[in-house]
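Reader: Hi! Could you help me learn to read the inside of a protein, step by step?

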Amino acid sequence: MLDILRVGLAELGLDEAKAEPLAEFARLVLEKNRVMNLTAITDEADFARLHLLDSAALASLPELAEPEGARAVDVGTGAGFPGVPLRILCPGIQMTLLDSTGKRVDFLRDACAALGLSDVACVHARAEEFAAEGRESFDLATSRAVAALPVLCELCLPLVRVGGRFLAMKSTQSDSELSDAARAVETLGGRVARTVDYAIPTGDVTHRVIVIEKVKPTPAKYPRAFGQIKKKPL
Ligand code: SAM
């Protein structure tokens, strides 16, 4: 795993020395995965590529170029992707890991303590409920594998300040999802700035990040309760 991580980080122009804390995080996830469901990916090489280097690819984007003091929230972080690798690779970032499953958040608290990431906030909440306290207070929101883009925008964009960005990690087959989300993006105060297709280093998988800028405040009536968001996506 360490070799794949070192080569991958070098390809991304990131600090190869971060391979060690990333591998240590992988060890913690895979150990806990024996007793609770954190990930279906248990092969070490696949884990390195599909979880760690996929997350690391975000850290190499210009949007993360000046992370000093930036407040970020990873919505539906699960076992900590992409939030924990991002925090390891961009130590200046103030990271909040948000998930609606309490056991996963408990794991993340223990893992962050073990990794010495004492400034990471691990929050057990639904994103649409967390908006009551975290509204428009983040420079950056990230999310991977949580919901279709129209739903995801309502979970994430209310948390982002005007001038901040939401980075949605998607597959390269997300063209129709992106057009389906056009109304939601606009209604919630966003604007699609760009989409970036990137090859995960050392493998043959290509993923996509959709960069949505927050250009105006989200109207107060959003986010709605989850039942409404799901039943009637914007
Ligand atoms: N982002 C991680 C990844 O890519 O490996 C985890 C993905 S997992 C498939 C989806 C996670 O989103 C779950 O841990 C679930 O508890 C969380 N989730 C789903 N809906 C949510 C919501 N409304 N607010 C917060 N977390 C949510």
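Author: Gladly! Let's begin with contact, which means heavy atoms within 4.5 Å. This is a predicted model, where local features need pLDDT of at least 70, side-chain atom pairs count only at pLDDT 80 or more, and totals for chains, interfaces and linings use all residues. Residues are numbered from 1 along each chain as its sequence is written, and side-chain values use heavy atoms, with hydrogens and water left out.

Reader: Which residues does Leu 52 touch?

Author: Leaving aside residues up to four places away in sequence, Leu 52 touches Met 1, Leu 5, Leu 22, Phe 25, Ala 26, Phe 47, Phe 81 and Pro 85.

Reader: What is a nonpolar core?

Author: A nonpolar core is a set of buried Ala, Val, Leu, Ile, Met, Phe, Trp, Tyr and Cys residues joined through side-chain atoms within 4.5 Å; buried means under 20% relative accessible area (1.4 Å probe, protein chains only). Here the largest core has 53 residues, and Leu 52 is among those with the most contacts inside it, as are Leu 5 and Phe 25. A second, separate core of 30 residues includes Ala 141 and Val 185.

Reader: And how are pockets read?

Author: On a 1 Å grid over the protein atoms alone, a pocket is an open set of points where a 1.4 Å probe fits, with protein on both sides within 12 Å along at least five of seven lines; lining residues have an atom within 4 Å of a point. In this model, 34 residues line the largest pocket, and Gly 76, Asp 99, Arg 144, Ala 145 and Val 146 are the closest to its centre.

Reader: Which residues lie nearest the centre of the second largest pocket?

Author: They are Glu 63, Ala 70, Asp 139, Leu 140 and Arg 165, from a lining of 13 residues.

Conventions
Buried < 20%, exposed > 50% of the residue type's maximum accessible area, 1.4 Å probe, protein only.
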